[in-house]
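Trainee: I would like to learn how to read helix packing and chain contacts. Can you take me through a case?

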2 protein chains.
Amino acid sequence: MFVKELHCPKCRAVHAADQIIQTCTCGAPLLAVYDSEKIAARIRKEDLTSRPHTLWRYRELLPVRDAANIISLSEGMTPLIPLEKLGRELGLADLRLKDESPQTTGTFKARGASVGVSRARELGVHTLAMPTNGNAGGAWAAYCARAGIRAVLVMSKNAPAMNRMEIGMLGASLFLVDGVITDAGAVVNRAIAEHGWLNAATFKEPWRIEGKKTLGFELAEQFGWDVPDAVLVPCGGGLGIIGIYKGLRELQKIGWIGSRLPRLIAVQSTGCAPMVRAFQEARPDVEFWENAKTCAFGITAPRPVGAFLTLEAIRKTDGYAVAVDDTAILRAQKELAAREGCYICPEGAATVAALPQLRRDGVIGPRDRVVLLNTGTGLKYPETADYTAREVALDASIA
Amino acid sequence: MFVKELHCPKCRAVHAADQIIQTCTCGAPLLAVYDSEKIAARIRKEDLTSRPHTLWRYRELLPVRDAANIISLSEGMTPLIPLEKLGRELGLADLRLKDESPQTTGTFKARGASVGVSRARELGVHTLAMPTNGNAGGAWAAYCARAGIRAVLVMSKNAPAMNRMEIGMLGASLFLVDGVITDAGAVVNRAIAEHGWLNAATFKEPWRIEGKKTLGFELAEQFGWDVPDAVLVPCGGGLGIIGIYKGLRELQKIGWIGSRLPRLIAVQSTGCAPMVRAFQEARPDVEFWENAKTCAFGITAPRPVGAFLTLEAIRKTDGYAVAVDDTAILRAQKELAAREGCYICPEGAATVAALPQLRRDGVIGPRDRVVLLNTGTGLKYPETADYTAREVALDASIA
């Protein structure tokens, strides 16, 4: 393992990596720092071609010491699907969907779960707990089941029923609260304090983000060790953007890509857009978003812990932040399904909905190579579906 | 394209491949025959490593003339996931799940749809129709949406609601009938006769099976151009088994694998087991199964058209056919999820449920390398889920 230490991006403290640890003593999230020189000397990007078609192909850049601890369900290496019809209509020569639908449990949360659970097993964790909007809970439940780690998941009664089913079927301990994810977090915090479990919430342990950063690795590899010009990322907790940024920075440090980075563009719902407000007002952190509510349930995060890191990644890449309303999201979801055959989740559809505005505002130009991150399958959101089916008699004609 | 012609396995008639064609004049399904010598001279299996990680990597063995007609959503090349806990318990040294969950629309139907729709586009089809139990409809709707082909899908009102939603969202024309798939088929047949559409039902056109056979290619490639000892396949229409058999036979003909084939084992539900009955009674074809009913909706096929081919593939590989009841299926689904982290569909779970019996009867030995085919994600079957979730107050303790 090439992790040197854990580093606090707020108070600059340094912590040992080979211990069960949560946040920094100052309360900020911890980030793993790698020995780039050793990694650069050890592997070349050409070596990857003979490796498994999962995110573990980048194992030198991931935090597991003994390969026997890797819990894998074939996560990562998701496709980049060309969206030619939509691109033509918007005057974009190269528009692609980084489609996370074909992941374990149908969402990009498999990345953080595979790496986070593997590292938890390596460090001897027996029980972990977290609050979840649903999809992270499903993914962590799957990997914990495989690892033999008990997963305690707390979610809102209002979270999608599909997630509840998924988590329950995967054998996790599931608790429902009458509140939002912050309320679920409070219940988890008390349980952690009481039982000594690991808190596996976003940014409460340092390894989940190591899985997410493989999105950055894959984008670079899939663009032939170049990078696209812009990546649109649905933004709730903000880990997608922070992960892509961290991954690409690490590739720069080992010399696999050049100095250019894609513009990272956060897409939120107008029902919960604290990141967009902070970006527009050029503030370093977000304020709590009151009465957060959107059909894109996975990006409902009124005040995410690592927002300052998301905002930093956006600014350092000359990025942008934009919000779209639920009507536009649901229309985009339906249109993409019926025209490109990609039935994506509302969170992913938010990036599609944001495109016309980004084109109008000149954030994206006609020759830009643009990637939309779809974070999961539309199948998990039956409650947002709107379609027509006609009942016919057995002897009737259809046309 | 290396397709020489279409061949009728019943009356031995030969038909030209470059035409829109349905079944043979004798009514039997048509099978594509390739020029094995030319293919063997043109490519080596080593050439595959640099190709896309989709089923189109085997393009010389697939029926599309112009690559511009390929409609791809990154289908195929699904993982083989080791099931170590389950294997240990059953005394099986090497047990793996060929997991089709991470396919377009969540099921293995993406294979037939990608190849079938690509070929339909190449031949100029504008509208196609088919009866469906749900998952095939979803996959064909996705690829037709992308291809700009109109898909008319007729399904039972009793089919899973998730499939209805999926098909509707993907922009297909969806008709519901108060009956089973045979009734839906009758409605389709009348519409085909009336409007001149393509009938894309299983075995009613020759190209869907060409997608399914890639399961055989992948198994061989994933076993290092050897084959496993046994493959358990959920069996409704039987196309999974016929496809694997056809694919492996073609690899033999071009010299990529040896003479040994895996035992192909059909798994049905006791609620609809015409293939098992025909196998046990050593009959060449099935009889209609009355009152077919199982929670594994996708394998409800009371009298599949190509059953004689399925039975032939089973016998020629020294295979077997076995039925399990719904209770065992649902228990196996839940156990696999909670222990291996694989939340699979009831059809796939039927193969898990069949294992103890196959071990007891000596069909599978302790050193056999055994593959279970999981045909899709459990997420599409919320109605079969059975789990526990506890509501807790915001100030309550959890343990």
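Predicted model: local features only at pLDDT ≥ 70, side-chain atom pairs only at ≥ 80, totals over all residues.

Trainee: At what angle do α4(A) and α5(A) pack?

Mentor: Axes are lines fitted to C-alpha atoms over the stretch in contact, and angles run from 0 to 180 degrees between N-to-C directions. Helices are DSSP runs (H or I, at least four residues), numbered from the N terminus. Helix α4 (residues 135-147) and helix α5 (residues 161-169) of chain A pack at about 15°, their axes 9 Å apart. So α4(A) is roughly parallel to α5(A) (angles under 35 degrees).

Trainee: Which residues of α4(A) and α5(A) meet?

Mentor: Contact means heavy atoms within 4.5 Å. From α4(A) come A:N135, A:G137, A:G138 and A:A141; from α5(A) come A:N163, A:E166 and A:I167.

Trainee: How do α8(A) and α9(A) pack?

Mentor: Helix α8 (residues 214-222) of chain A packs against α9(A) at about 55°, with axes 6 Å apart. A:L215, A:G216, A:F217, A:L219 and A:A220 of α8(A) touch A:I244, A:G247, A:L248, A:E250 and A:L251 of α9(A).

Trainee: What about α9(A) and α11(A)?

Mentor: Helix α9 (residues 239-253) and helix α11 (residues 307-316) of chain A cross at roughly 55°, and their axes come within 8 Å. That makes α9(A) oblique to α11(A). The contact includes A:Y245 of α9(A) and A:A313 of α11(A).

Trainee: How much area is buried between chain B and chain A?

Mentor: The size of an interface is often given as the accessible area lost when the parts come together. Here that is about 5600 Å² (1.4 Å probe, summed over both parts). Carbon and sulfur atoms give 65% of it. The contact takes 66 residues from chain B and 66 from chain A.

Trainee: How many salt bridges are there between chain B and chain A?

Mentor: The count is 4. A salt bridge is a side-chain nitrogen of Lys or Arg within 4 Å of a carboxyl oxygen of Asp or Glu. B:R146 forms one with A:E340, the closest N and O atoms being 3.2 Å apart.

Key
Residues numbered from 1 in each chain as written. Chains lettered and ligands numbered in written order. Heavy atoms only, no water. Helix = DSSP H or I, 4+ residues; strand = E, 2+ residues; numbered from the N terminus. Parallel < 35°, antiparallel > 145°, perpendicular 65-115°, else oblique. Buried area = accessible area lost by both parts, 1.4 Å probe.
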